[in-house]
Amino acid sequence: MSMSIPFLVVTIITIVFGILNCFFGYWWFRVGLVICGLLIGAVIGALISVFFAPQLLFILMIAFAIGLAILFGVLKKVGLFVLCFFAGSGIVAIPVFSKYISGYLSNAASYALAKASDIFPDLNLTSPLIISLLIGLAVAIIAVIFEKPVVIIISAVYGGVLLAGSATSIFNFNDMTKTILSIVLAVAGVLVQSGIFGVIKKKNKGAK
């Protein structure tokens with residue numbers, strides 16, 4: 001199929017990011033945190049500007065973007081906590097994580113909090129806001145405690161979906177093929193990042 005220049009550029013960038021996330025996510029996630037810090041900081045700066053100083057929009061966006069990028073880069077656990085809190089709570093739409101994982105967590109949390117509301121009837125524990133915030137907090141805490149496996153799984157799934165999406169846009173795969181390809185790539189990414197292939201290779205050398 002023929003591709004326009006903009007489509008080709010976007011596809012190449014998506015593939016590069018997909019490979020980096022899928023197979024090298026844990027090794028480059030600090031860079032990813034810096035990028036997320038830039039984006040989140042810019043959004044925070046824009047919101048503050050809207051409410052308090054509209055004339056300082058670009059200055060506040062740049063200041064908060066640089067500040068959070070530095071903070072996330074230096075203190076990676078802080079960046080990981082904030083990023084996973086935003087993703088888990090759905091405050092920002094981080095592809096894959098918010099769309100697929102948070103949806104299932106919300107259903108489970110809704111059921112659990114509905115039962116808790118029976119014990120504490122005066123508290124509206126089933127409100128969407130409380131559910132979202134609790135999910136975000138839980139995801140963030142788990143991510144900080146189990147940093148490496150969480151980063152590996154999330155980055156592998158994200159990268160797998162990006163690569164499968166790129167392949168689908170090029171070859172016009174159907175949804176089932178895209179889903180299967182995403183799963184296969186995500187599993188491969190987890191295995192590669194976990195070093196399983198390297199361990200097998202070492203064992204094979206030892207056997208010889």
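A nonpolar surface patch consists of Val, Leu, Ile, Met, Phe, Trp or Tyr side chains joined within 5 Å, from residues with over 30% relative accessible area and no salt bridge. A salt bridge is a side-chain nitrogen of Lys or Arg within 4 Å of a carboxyl oxygen of Asp or Glu. Accessible areas follow the Shrake-Rupley method with a 1.4 Å probe, and for residues only the protein chains shown count as cover.

This structure is a predicted model, in which local features need pLDDT of at least 70 and side-chain atom pairs count only at pLDDT 80 or more, while totals for chains, interfaces and linings use all residues. Residues are numbered from 1 along each chain as its sequence is written, and side-chain values use heavy atoms, leaving out hydrogens and water.

**Confidence**

- The mean pLDDT (the predictor's confidence in each residue, from 0 to 100) is 77 for the protein, and 71% of its residues reach 70 or more.
- Confidence is highest in helix H7 (residues 175-194), at a mean of 91, and lowest in helix H4 (residues 97-119), at 51; helices are DSSP runs of H or I with at least four residues, numbered from the N terminus.
- Over residues 92-105 pLDDT stays under 50, and the model has 24 contacts (heavy atoms within 4.5 Å) beyond four places in sequence for them.

**Nonpolar core**

- A nonpolar core is a set of buried Ala, Val, Leu, Ile, Met, Phe, Trp, Tyr and Cys residues joined through side-chain atoms within 4.5 Å, where buried means under 20% relative accessible area, exposed over 50%, and partly exposed in between (1.4 Å probe, protein chains only).
- The largest nonpolar core has 16 residues, of which Phe29, Leu33, Ile40, Phe72, Leu80, Cys84 and Ala143 touch the most other members.
- At least two residues of this core come from each of helices H1 (5-52), H2 (57-74), H3 (76-89), H5 (128-145) and H6 (147-171), and H3 gives the most, with 5 residues.
- Leaving aside residues up to four places away in sequence, Phe29 touches Lys76, Leu80, Glu147 and Val151.

- Ile5, Leu8, Val9, Ile12, Ile13, Val16, Phe17, Val31, Ile35 and Leu39 make a nonpolar surface patch of about 850 Å².
- Leu8 lies in helix H1 and is partly exposed, because its relative accessible area is 34%.
- Asn21 is also placed in helix H1, but Asn21 is buried, at 10% relative accessible area.
- Val82, in helix H3, counts as partly exposed at 23% relative accessibility.

How values were computed:
Patch = residues over 30% accessible without salt bridge, like charges linked within 9 Å, V, L, I, M, F, W, Y side chains within 5 Å.
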